[in-house]
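Trainee: Please show me how to read the way in which copies of a chain are arranged and touch one another.

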There are 4 protein chains.
Amino acid sequence: MSQAPLDLTRRTKEFIARSVLPSDDEFDGDVMAAGGSELRHRLQEAARAAGLFAPHAPLEHGGLGLGMTARAPVFEEAGYSLFGPLALNIAAPDEGNVHLLSHVATAEQKAQFLDPLARGHCRSAFAMTEPSPGSGSDPTALNTVATKADGGWLLNGRKWFITGADGADFFIVMARTSGEAGDAGGATMFLTAASAEGLTVGRHVPTMDRSMIGGHCEMTFVDVFVADNDVLGGVDEGFRYAQVRLGPARMTHVMRWLGAARRAHEVAVQHVVTREAFGSRLSDLGMIQQMIADNEIDLAATRALLLSACAELDAGDRASKATSITKTFAAEALDRVADRAMQMCGGLGVAADLPVAKIARELRPFRIYDGPSEVHRWSIAKRAVRTIAGAQHG
Amino acid sequence: MSQAPLDLTRRTKEFIARSVLPSDDEFDGDVMAAGGSELRHRLQEAARAAGLFAPHAPLEHGGLGLGMTARAPVFEEAGYSLFGPLALNIAAPDEGNVHLLSHVATAEQKAQFLDPLARGHCRSAFAMTEPSPGSGSDPTALNTVATKADGGWLLNGRKWFITGADGADFFIVMARTSGEAGDAGGATMFLTAASAEGLTVGRHVPTMDRSMIGGHCEMTFVDVFVADNDVLGGVDEGFRYAQVRLGPARMTHVMRWLGAARRAHEVAVQHVVTREAFGSRLSDLGMIQQMIADNEIDLAATRALLLSACAELDAGDRASKATSITKTFAAEALDRVADRAMQMCGGLGVAADLPVAKIARELRPFRIYDGPSEVHRWSIAKRAVRTIAGAQHG
Amino acid sequence: MSQAPLDLTRRTKEFIARSVLPSDDEFDGDVMAAGGSELRHRLQEAARAAGLFAPHAPLEHGGLGLGMTARAPVFEEAGYSLFGPLALNIAAPDEGNVHLLSHVATAEQKAQFLDPLARGHCRSAFAMTEPSPGSGSDPTALNTVATKADGGWLLNGRKWFITGADGADFFIVMARTSGEAGDAGGATMFLTAASAEGLTVGRHVPTMDRSMIGGHCEMTFVDVFVADNDVLGGVDEGFRYAQVRLGPARMTHVMRWLGAARRAHEVAVQHVVTREAFGSRLSDLGMIQQMIADNEIDLAATRALLLSACAELDAGDRASKATSITKTFAAEALDRVADRAMQMCGGLGVAADLPVAKIARELRPFRIYDGPSEVHRWSIAKRAVRTIAGAQHG
Amino acid sequence: MSQAPLDLTRRTKEFIARSVLPSDDEFDGDVMAAGGSELRHRLQEAARAAGLFAPHAPLEHGGLGLGMTARAPVFEEAGYSLFGPLALNIAAPDEGNVHLLSHVATAEQKAQFLDPLARGHCRSAFAMTEPSPGSGSDPTALNTVATKADGGWLLNGRKWFITGADGADFFIVMARTSGEAGDAGGATMFLTAASAEGLTVGRHVPTMDRSMIGGHCEMTFVDVFVADNDVLGGVDEGFRYAQVRLGPARMTHVMRWLGAARRAHEVAVQHVVTREAFGSRLSDLGMIQQMIADNEIDLAATRALLLSACAELDAGDRASKATSITKTFAAEALDRVADRAMQMCGGLGVAADLPVAKIARELRPFRIYDGPSEVHRWSIAKRAVRTIAGAQHG
């Protein structure tokens with residue numbers, strides 16, 4: 001992996017402030033209201049012009065080739081605006097898909113799917129989650145099936161909460177190729193164009209967050225044909241490959257949301273230095289200082305855990321424990337930061353006149369998306385029991 | 001005060017489920033999207049037909065005359081739907097204004113303002129809060145002034161976060177009649193029609209909550225004339241009268257939000273009994289059971305504090321300590337309940353498909369509205385120091 | 001039940017301050033260091049002289065006959081000193097045993113066991129908890145067995161954490177009379193003198209708390225004979241009768257610990273008004289005020305829940321839900337109160353120079369004793385699922 | 001600074017388990033009960049024999065010369081036993097004094113004080129804290145004065161909470177040499193033998209913790225003469241030099257307590273895998289798993305913050321913000337870990353039969369010692385306001 005270009009973090013920060021925040025604030029972080037695809041093209045053009053585009057993508061696909069540790073401060077600065085990740089082409093799910101494809105795809109698949117994706121010429125989505133009973137918190141409940149056909153596979157099933165699906169040019173679809181719902185194996189990943197016959201993107205699930213282009217959509221697959229060449233990785237190895245994507249994708253989520261939470265905090269601090277009550281500047285009141293300090297502590301602990309997990313990932317480890325702990329802590333800590341920022345701003349904290357309530361609205365779902373805290377805690381605990389109490393337990 | 005009619009709580013519960021919840025859920029708790037004034041008239045007509053209208057208002061003004069303790073379970077049932085208080089004519093700020101007017105207004109003022117308000121023939125607002133620097137968390141920072149004129153007063157100043165202002169027929173306006181911003185006295189309450197010359201209702205502050213008819217608005221007063229007859233209570237005694245309104249109004253807020261939070265909890269419990277993950281029904285998993293139990297505890301503690309404060313109020317006490325403690329605990333506890341309910345519902349918890357996210361959105365501002373938790377804690381602590389450490393301190 | 005004598009709460013408060021607190025503070029709440037049985041006799045004599053003895057016991061057994069609601073403020077005042085409950089003869093486990101015997105015992109048993117116990121002429125213990133695997137958090141795991149013998153029963157088994165066992169004159173012993181460990185029925189309660197052959201009180205479990213006379217002891221039963229007349233209640237109905245004791249006993253625990261926590265809080269408030277740092281009196285600093293306010297809130301919420309549960313009990317209800325919620329909330333809230341009080345007192349908060357650290361030390365185990373919070377939450381959640389989601393679930 | 005010898009962490013871990021934990025557990029972590037000075041000599045001899053002695057001390061003074069980052073895992077292993085730091089000669093306050101002297105002392109002072117201290121030939125204490133009103137949370141309130149005399153200084157004043165004072169061979173005393181209590185400057189550090197005339201070590205403050213050799217003592221200084229040669233660092237620069245000690249000392253505290261908390265956690269995990277309730281192994285119950293996971297998260301976040309702060313210190317930064325955040329987070333997080341461990345162990349969690357309650361007892365004061373959380377938060381908040389809102393504020 002390459003070195004971060006000189007001053008990349010600082011330049012990203014300046015770019016976000018100058019070129020991205022204005023649209024974000026004007027439209028309360030609502031990506032469709034702010035222009036949708038048109039917004040995306042405009043912001044990405046500006047990022048290219050600034051030399052900041054695709055910091056995570058491999059050099060041969062037009063990116064800056066940063067590893068996980070080098071990404072962290074850059075992604076944090078991008079996340080300072082809800083539209084920043086879109087501008088730099090490092091928003092979920094494209095960013096994670098670039099990561100996955102660069103590790104798993106064949107040369108042909110890279111040419112066809114990875115290269116245009118990394119360069120921002122198209123959008124993608126990762127179709128794993130299913131409505132109940134199906135692959136939700138428990139991925140092995142996978143119900144979408146792929147049955148072997150001549151020269152390929154036929155996909156049938158339903159998905160939902162597929163981020164970015166509306167307008168995506170292609171999908172990575174997880175489907176069961178052997179075994180039954182509940183089995184730990186038997187899943188396979190398929191690449192399929194959005195235009196494939198039988199593939200339908202349905203309604204947007206009406207979630208509280210509004211900054212993700214393409215929404216979180218329902219999808220149906222009816223006899224969607226995928227050629228053998230478009231199987232991503234090995235047949236029946238989908239869950240294993242999903243892990244390649246999952247750990248790093250969690251950490252880049254944390255990087256981006258860390259930036260957003262930091263913004264809420266900074267806006268709140270700037271607010272309390274300008275207001276008075278009961279004869280004191282708000283920022284001189286102990287209860288306000290406690291919220292400021294708790295925010296600083298939560299931000300610092302999130303950053304420390306993040307860098308620690310990134311170092312493990314850069315060293316080639318799976319880092320399942322570290323990424324699970326970091327994701328869980330971060331999702332809750334950053335939610336607290338946004339909540340305290342709202343409280344510090346009083347009435348304006350729950351209004352769109354300041355950019356705090358919108359950040360809180362975008363952050364809250366992260367305690368559920370990418371594995372609810374409860375599922376991560378369950379997995380952390382089981383691992384701890386095995387490690388501490390020995391092989392016979394857990 | 002009168003006895004609660006037989007079965008009033010049960011009948012309110014049934015009425016809400018049958019006649020109010022459907023609109024609430026169809027329009028995600030957005031009162032304007034659901035019809036605004038048209039919705040209000042329709043729901044109130046239904047409540048009148050069911051004999052449930054205005055349970056708090058004096059009998060002579062068409063109400064059921066319930067005291068605070070008797071109101072609690074009825075208001076809780078009304079609050080089970082975000083539109084329930086509107087239906088029963090017990091929504092803020094009208095409900096608090098009915099209380100205030102019935103205690104402070106002259107016979108003429110009662111005829112002109114209280115009676116039609118209690119009967120739902122008009123709407124009102126309470127114009128106290130001002131933009132910074134002004135009367136916010138610290139009411140004594142009051143900047144709106146009333147200067148004596150021939151036969152009345154001229155009001156000048158700005159207000160904001162005036163709940164229900166858009167479409168209100170009259171206002172109770174707090175303005176300074178002597179002293180300076182920061183003085184503990186010198187405020188007076190004025191009654192003025194919305195049609196008064198010089199009175200302007202401006203934009204809605206774009207808050208996260210959307211269930212309050214008439215929004216939270218900005219207002220300006222430019223030489224608004226109020227006749228001497230329309231002074232509410234004594235000149236320079238506004239802060240004292242505001243207390244008459246404030247304590248009970250906080251408690252009725254708690255009653256209504258208690259119902260809303262209980263709904264979020266019940267929806268979440270009903271959700272987790274129908275879902276499985278990792279081979280268990282969600283409701284059988286310990287981490288889910290912990291959230292269920294914590295919700296039950298928070299709801300029970302809120303209800304216990306509420307009834308205890310209501311008993312003090314019904315006994316004629318000011319109950320400042322009890323209402324302050326109850327408001328602070330309740331706002332935080334009910335916010336926790338809604339947050340856990342979201343978490344229990346997973347992805348659906350942050351989507352409009354279930355009525356949980358909307359309740360969370362409406363509840364969050366209550367930790368700020370009607371005195372932020374920090375201001376209440378400051379006042380609770382000062383009182384404790386005086387009580388415990390004696391008169392020489394505090 | 002009788003009315004509380006006039007001014008009983010105030011007189012109890014004064015008695016505790018004058019006659020009990022000095023010994024408590026001199027010996028850091030360590031009942032053995034303060035004199036053990038000699039202390040008990042001295043304090044109880046003083047309480048009798050003051051007309052405050054045994055407020056809970058039936059009138060015919062020398063008590064004041066107070067119901068649960070009337071007990072609450074009196075027991076809270078008694079709990080203000082760690083030795084107060086001992087002085088008034090309302091300490092665990094005697095207080096709960098008086099309650100149980102007065103509801104379940106035969107006339108002869110009352111004469112032999114209840115009367116001297118209520119009058120303070122002897123001490124008792126309740127022998128239910130067993131070492132693992134046995135009757136701990138899960139009472140049905142009961143392993144101590146009673147086998148039928150001629151004219152009575154033979155008890156065999158081990159117990160531990162038997163509060164007050166060392167020096168107790170008699171025991172109420174829970175033993176299995178039918179079924180197997182894990183069965184919900186088949187337990188019976190037996191009355192046995194401490195002098196019974198085969199009954200041994202072993203070492204004190206070295207717990208952090210030190211204010212309970214007789215400690216928390218290990219016991220063994222080897223062929224201990226109990227005559228048929230000394231079966232308490234019906235054979236095989238022990239678990240049902242245990243419920244008679246359990247709910248009220250939890251509430252009287254809450255009453256006493258509420259007093260102790262309130263003392264820690266008051267001491268801390270009195271401390272912070274006398275200290276300065278950084279140019280301010282500590283009690284004027286926002287972070288200290290926040291702790292003061294949070295303590296006030298926790299104390300008020302505990303008291304409100306307690307009175308609500310007592311009202312249910314006085315009305316003759318089992319009140320399982322209310323007592324479970326109240327016990328769980330109170331144990332955690334009062335622990336928080338003591339913890340904040342320590343923090344407010346700085347270095348002195350963790351030293352014996354102030355009576356705060358000792359109160360924290362005594363309070364902490366209450367989150368475990370009488371059902372750990374986790375077991376109560378489990379039961380609260382199961383009940384909520386049944387109530388909300390209907391009979392087919394839970 | 002030197003590299004850590006190969007396998008130092010692993011060897012430390014084994015040494016602690018084999019040679020230190022047995023005494024710790026036999027005597028419930030009470031250092032005096034376990035032998036006091038005799039214990040110290042025995043354990044230190046064993047550590048020397050194992051080649052593990054004084055990992056932090058400079059090579060030329062017989063240590064291993066580790067920097068802060070290298071110390072972290074070694075100190076954590078030492079802290080696994082409450083007596084481990086004493087064994088390795090890295091207990092407070094000697095460890096911090098070695099650090100301070102190696103940075104500030106003259107060559108002669110190093111020979112006289114540092115070298116024997118680093119080699120374990122003597123003990124020391126750091127006499128800064130004073131009873132109220134004096135140098136407590138607010139060091140500038142310093143009341144002990146040093147007045148110039150012929151060839152030296154005369155010290156007069158009172159100190160308390162002086163850790164390790166009883167039995168210390170020499171003291172580093174902070175005294176005011178100019179200005180008045182409250183001034184930010186004017187303090188000086190003095191080296192004085194315990195045998196100095198006029199220096200008295202008084203009673204041990206009866207704190208809840210019992211693992212610190214020499215206790216936390218009161219001291220008085222009456223005309224104690226200190227020669228000019230024994231001034232440590234520059235006159236009037238005491239507060240500045242104290243910072244040299246403070247940041248690293250806070251971090252080594254965190255390292256040691258991290259080990260202690262980890263032990264409590266591991267003991268609890270080992271406990272819950274062996275117990276059953278309601279038909280499940282405790283470690284399979286969700287509420288227990290949640291406590292396990294929360295402990296893992298708190299330990300990981302503490303470690304991540306710690307290493308991040310150590311990296312700053314090793315780079316030569318003052319790292320005031322990082323050490324303040326890390327100390328505050330760690331003290332609270334590790335207290336939570338110990339508290340959860342107690343809860344997981346049920347009745348045994350609050351008894352001396354397991355080593356959990358003693359760890360909780362030792363950890364609690366760390367939220368107060370070395371700067372209460374409130375003072376750190378105040379300082380963190382002020383710094384944040386300056387950084388975020390600019391030079392004109394804060």
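Mentor: Copies are superposed by least squares on the C-alpha atoms of residues with pLDDT of at least 70 in both, where pLDDT is the predictor's confidence in each residue, from 0 to 100. This is a predicted model, in which local features need pLDDT of at least 70 and side-chain atom pairs count only at pLDDT 80 or more, while totals for chains, interfaces and linings use all residues. Residues are numbered from 1 along each chain as its sequence is written, and chains are lettered from A in the order in which they are written.

Trainee: How many residues does the contact take from chain B and from chain C?

Mentor: Two residues are in contact if their C-beta atoms, placed from the backbone, lie within 7 Å. By that rule, the contact takes 28 residues from chain B and 28 residues from chain C. On the side of chain B that touches chain C, H8(B) gives the largest share, eleven residues, helices being DSSP runs (H or I, at least four residues) numbered from the N terminus.

Trainee: What confidence does the predictor give the complex?

Mentor: The complex has an ipTM of 0.96 and a pTM of 0.97, and chain A has a mean pLDDT of 95, with 98% of its residues at 70 or more.

How values were computed. Helix = DSSP H or I, 4+ residues; strand = E, 2+ residues; numbered from the N terminus.
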